[in-house]
Amino acid sequence: MAENETLECITEHERILQEIESTDTACVGPTLRSIYDDQPNAHKRFMEKLDARIRNHDREIEKMCNFHHQGFVDAITELLKVRTDAEKLMGQVTDTNRRLQEAGREVTAQTEEVICCRIQQRNMATTVEKLQLCIPGTTALTEVYWLYRVSQYRFCQIMAENLPRLREEIKEISMSDLKDFLESIRKHSDKVGETAMRQAQQHRTFNSAVMKQASMGHYAKPVYSLNGRTHTHNGLMMDEDTGDEEEADEEILTAQDLVDFSPVYRCLHIYTVLGDRETFENYYRKQRKKQARLVLQPQANMHETVEGYRRYFNQIVGFFVVEDHILHATRGLVTRAFTDELWNMALSKIIAVLRTHSSYCDDPDLVLELKNLIVIFADTLQDYGFPVNRLFDLLFEVRDQYNETLLKKWALVFREIFELDNYSPIPVETEDEYKLVVSRFPFHDAEIEKQDFPKKLPMSQSVPQIYTQVKEFIYASLKFSESLHRSSTEIDDMLRKSTNLLLTRTLSSCLQNLIKKPHIGLTELVQIIINTTHLEQACRYLEEFITNITNVSPETVHTTRLYGLSTFKDARHAAEGEIYTKLNQKIDEFIQLADYEWGMAESDGRASGYLMDLINFLRSTFQVFTHLPGKVAQTACMSACKHLSTSLMQMLLDTELKQISMGAIQQFNLDVIQCELFASSEPVPGFQGDTLQLAFIDLRQLLDLFMVWDWSTYLADYGQPTSKYLRVNPATALALLEKMKDTSKKNNIFSQFRKNDRDKQKLIETVVKQLRSLVNGMSS
C-alpha cells in the first residue's frame, strides 16, 4: 500500500514538473499549491525531485555549452575580422560619398546657373513678345488715333509736324552707328576668327585626349566650344603640352563677348518700327558683301610664313562667325540663303588663293603647317553649318605639293649621302657595332654572322643611311595623312604611292646621276651594284613597315605594291652598262699607248709593253668583280675581250696606216697570243671551254693566214663551213694584203720575192685580184 502511494506521489511530482516546465509562469501558483494540499511532507519529496531535475538540466546545459564552445570562439574571431573590414568599408563609403558630394556640388552650381539662364531667356522672350504686341499700338494709335482726337491743340500740331523729321534724324543716327559698327567689325574679325579656331583646336585636342584616356580608363573635363556649339572631332594629332591645358581652362569667349552687336539690333529695330526694314536689310547685305571681298584678298607675301596664312584664315572665320551670329540673333536680317551665297563665293576664292600660294612654297614643314591650318579652318566653319568638302578635296592637291617638296628635300639628302659614301664594305670591329648596323638595316647573312670580329659587311655605309631615310620619308608623308578623315586603306595607299615616287623618281634619278659621274670608277660601280642588290632585298621590309603603320594587310585587293625592285634593278643595269663602258674606255686608253713600228724587219720576240700593262689591269679589275653576280662579271669580261679584239683589228685596218711589214705582223701576233693566254686563264670563273678565247678568233685566223701565207687553202675553201679561215672576211684580208704589197723596196718580203723569184709577185697580184672578185661578189 505504501509503495503504491509512493509511486503515485512520484508520478504526480513528474506531472507537476512537466506542467511547470511547459506552462506559463502565471499558472505556476495553483500547481505549487496542489503540492501542499496533498500528503504531509510531500513538498519535501517534491523539492528533492525538483533539485534532481535542476541538476539534470544543468548537466545537459553544460554538455551543450562544451559542444558549441569552439564554434562560438570561431564565430567571435570571424566577427572581429569582419569588424575590421567593416571599418575599412565604412571609410571607403565615407570617402566616396565626400568625393561624390564635391563633384556634385559643381554640377549643382552649373545646373542652378543653367536654370537661372533659362529663366532669364524665358523672361526676355516674354518681354520681347509683349513689347512687340505693344509697338503697333504705340505707333499707329499715338500718331493716327490720339493725335487726330486732340488735333485742335497746338502742341499736337507741332508733334505731327516734327515726327517725320525726328524719324529721319533717328534713322540717320542709327545708320551712322551701323557704319561705325561695320568699320569696327573689320578690326575685330581677326580676333573673333582667332578665338574660334583656337577653341576648335582645343576641342580637337580634348577629343584626342579623351580617346586616349578612354582606352586607359580615365576621363577628362570637357571644353565647351564657341557660342555653345559642339565641335566635330577630326582626329588631328596635336601636341599635348601644358599650354594647351591652361588655355582649355580659360573662359570660353563668344562672338558676342568680343563684339558689341547693339548698333545692329538698334538700327534694325528702328528701321523695322519705321517701316523701312527692307532698305536696311539691303544696305547691310550689300556692305557685308563688299567686306567679304576685301577679306578674301590675300597679302602678296602670304605664302612666305605660316603667320600669313593664319591671319588670312582668322579674318575669314571671323567674318562668317559674325554672320552666323547675326543669322541666329536677328529675324531675317540675313538668311541662310544669303550666307550660303557668301560662303560659296568665298570658298571659290579661298581655293583659288590657296592653290596659287601653296604652289610657291618649297618648304615641306610650311606646307604641313598650312595643311593643319586648313583642317582647323574647315572644321571650325563646318561646326557653323558651312559645307567644306571642297576644302578637303583641295587638301589632296596640297598633299601632292607636300610630296613634291618632300621629294626635293630627300633628293638633297640622297645626294649628300652618296657624296659622303666611301664605296667600300662596312667594317665592324665589335658585336655592338654589328648590332648597330643591323638595327638600322635588315641585313642577315649566316656566313658573315659566323665570322669572327673584325669583319666586313658587303654593302657600304650609304645603304643603311638610305634605308633609314626612306623610313623617315614615310613618317613625314604620314604626317600629312593624319586628320584627313580617311580610312586606313586610303592612308595606306597614299603612303605607298608617295614612297613609290620617292623610289622610282627621286632615288632612281640620284642613282642614275651618281653612276654617270666621271669620278665614279670601276670599284665604285661594283660597290653600287652590291648596294642596290641589298636595297632591293630590303624592299619587302619597307612593305612590312608601312603595313605595321596602317594595319592594312598587304593581301588586300587594292593594295599598291612598292616599285623598289624595278628601281634598284634599273640602277643596277645602268651601273653594269657603265662598267662595260668604262672598262672599254680604259682599254682604249691603253690602246692609245700602242707604238708599233709597222715597218720593222722582224719582231722583238716579246709582247708589247702596253699590252702587258693592259692585261695586268684587266686581271686586277676582274678580281674586284668577285663580289658581283656571276653573269655580270662574265659579261664584263667577254665585253672587254671583244672590245680589245675589235680595237686591235681596227688598228690593223686603220686607213691612215699605209704599210705593214711581216715583222710587224709577227709582233702583232705575239700580242694577240698574250690576249689568248689571258682569255684561257679564266680571269672570271664560269666560262665553258674556250668561250672567252673565241673573242679573238677573227684576229687569230687572219694572223694565221698571213703568218703561214696559206692563200691557196683560203681561196679554195672560201665559203665552206669547214674552212680553216672561216672568220676571215675577204675585204679584211684584201685591205691588209694591200698594205703589205705597197711596202717600199727595202729588206722586206717583197724585195726578196723580186730577188729570188719574180713569179711570186705575180702570184700576189693574182691573189689580190681573186680577193677583189670575192669582195665584189659579196657587194653585188
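The following legends describe close-up views of a predicted model.

**View 1. Packing of helix H15 against helix H17.** Two packed helices are described by the angle between their axes and the distance between the axes. For helix H15 (residues 462-481) and helix H17 (residues 522-537), the axes come within 10 Å and cross at roughly 35°. The crossing of H15 with H17 is right-handed. On the H15 side, Ser-462, Val-463 and Ile-466 take part, and they meet Asn-531, His-534 and Leu-535 of H17. By residue class, this contact comprises three nonpolar, three polar and no charged residues.

**View 2. The largest nonpolar core.** In soluble globular proteins, nonpolar side chains tend to be buried together. The largest nonpolar core of this model has 182 residues. Those with the most contacts inside this core are Phe-313, Trp-343, Ile-350, Phe-377, Ile-579, Leu-648 and Phe-668. Helix H12 (residues 389-420) gives the most to the core, contributing 13 residues.

**View 3. Surroundings of Phe-377.** Phe-377 is one of the core residues with the most contacts. When neighbours within four places in sequence are left aside, Phe-377 is in contact with Met-197, Phe-313, Ile-316, Val-317, Trp-343, Ile-350 and Leu-391.

**View 4. Cysteines of the model.** With a disulfide taken as a pair of cysteine sulfur atoms within 2.5 Å, the count is zero. Cys-116 is in no disulfide, and the nearest cysteine sulfur, that of Cys-117, is 8.7 Å away. Cys-116 has a relative accessibility of 43% and therefore counts as partly exposed. Cys-361, by contrast, is buried, with a relative accessible area of 7%.

Methods: Residues are numbered from 1 along each chain as its sequence is written. This is a predicted model: local features need pLDDT of at least 70, side-chain atom pairs count only at pLDDT 80 or more; totals for chains, interfaces and linings use all residues. Side-chain values use heavy atoms; hydrogens and water are left out. Axes are lines fitted to C-alpha atoms, for helices over the stretch in contact, and angles run from 0 to 180 degrees between N-to-C directions. Helices (H or I, at least four residues) and strands (E, at least two) are DSSP runs, numbered from the N terminus. A crossing is left-handed if the near helix is turned anticlockwise from the far one by less than a right angle, and right-handed if clockwise. Contact means heavy atoms within 4.5 Å. Ala, Val, Leu, Ile, Met, Phe, Trp, Tyr, Cys and Pro count as nonpolar, Asp, Glu, Lys and Arg as charged, and the others, Gly among them, as polar. Buried means under 20% relative accessible area, exposed over 50%, partly exposed in between (1.4 Å probe, protein chains only). A nonpolar core is a set of buried Ala, Val, Leu, Ile, Met, Phe, Trp, Tyr and Cys residues joined through side-chain atoms within 4.5 Å.
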